[in-house]
Amino acid sequence: MYEEYWGLKEKPFENTPDPKFLYLSKQHEEGLSRLLYVVKERKGAGILTGVFGCGKTVLAQALLKELSENIYRIALINNPHLKAIELLRAIGRQLGAEDLPQRITEMSADFFLELIEGILLNNTKDGKETLLIIDEAHIIKDEEVLEELRLLLNFQSEKRFLLTLLLLGQPELSKRIQKNKQLVQRIAMGFHLTPLNKKETKNYIIHRLNVAQRPKPVFSEDGLNSIYENSGGIPRRINQICDIGLLTGFSKKVERIDKKIIQESVDSLGI
Ligand SMILES: Nc1ncnc2c1ncn2[C@@H]1O[C@H](COP(=O)(O)OP(=O)(O)OP(=O)(O)O)[C@@H](O)[C@H]1O
Ligand SMILES: [Mg+2]
């Protein structure tokens, strides 16, 4: 709607985890390189935590982009609000198992564990790596689920893990997994993402505008400061405010979006 007015090729502040718009702040860069380390060096398991909207899912997408499809077999579970057995079935299915039983009564955890072990061994034999990413892992409340994940990590050859497990979630995830000490002991990397600082928030906004091909400034300095104050440096909120700011600025036909427009936009969002 407002793209033409602002000379944009596309909307710069969509709340989607599109790695094309990835802004590598220092900590996003470090988070991504740690994820890559765990996967490429086959370290077993890693955990990435951070408050909502700070970029965990985006980093997972950026990681996937770095991994060659020829080598990596990947299962990505986005909603682990599942019983242990359903989770194992979902993992098996994503790793390519066919003709799986549909009814829970027809299933046993051992059946799926054996099946997944077979897939992992085959992948290894074929020179493939297997990666399991569980996003939103903080919503796992069932201890049995954590236990099954630990059992998956037990699949090892003499020299190496057959599977890399990445757990992504909000900060309470760290506390939640403490209950399973054996799982915690297998976690080789942990990283915590925090909101962007003021300078990074400004750079983030400029970066996304550049990707959408608007090289000239859109927001005034006090507008940028106000976005930072109102978003707390959380990218998802920054996106919301900037998007509605662009819309408000367009309806008012202003040349620059200043603090007043941002405040008005924030008030309209009710955040
Ligand atoms: N480093 C980044 N570069 C570009 N965009 C980002 C970055 N971090 C976050 N975003 C933007 O913010 C939005 C929210 O980020 P994301 O979904 O990755 O957060 P999250 O930490 O997974 O949140 P939740 O805990 O709610 O799942 C993304 O859709 C994306 O548009
Ligand atoms: Mg997420």
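Residues are numbered from 1 along each chain as its sequence is written, and side-chain values use heavy atoms, with hydrogens and water left out. Because the model is predicted, local features need pLDDT of at least 70, and side-chain atom pairs count only at pLDDT 80 or more.

Nine of its 11 residues are buried, so α4 is largely enclosed by the rest of the structure; buried here means under 20% relative accessible area, exposed means over 50%, and partly exposed lies in between, with a 1.4 Å probe and protein chains only. Among the buried residues are Glu86 and Arg89, and the cover over the buried residues includes β2, α5, β3 and α6, with contact meaning heavy atoms within 4.5 Å.

Now, how do α9 and α10 pack? Helix α9, residues 198-211, and helix α10, residues 221-231, pack at an angle of about 115 degrees, with their axes 9 Å apart. In this contact, residues of α9 including Lys198 and Ile205 meet residues of α10 including Glu221 and Tyr228.

Finally, two residues other than glycine have a positive phi: for arginine 42 the value is near 50 degrees, and for glutamate 136 it is near 55 degrees. Arginine 42 sits in the loop between α2 and β1 and is partly exposed at 35%, while glutamate 136 lies in the loop between β3 and α6 and is partly exposed at 33%.

Note on methods
Chains lettered and ligands numbered in written order. Axes fitted to C-alpha atoms, helices over the stretch in contact; angles between N-to-C directions. Helix = DSSP H or I, 4+ residues; strand = E, 2+ residues; numbered from the N terminus.
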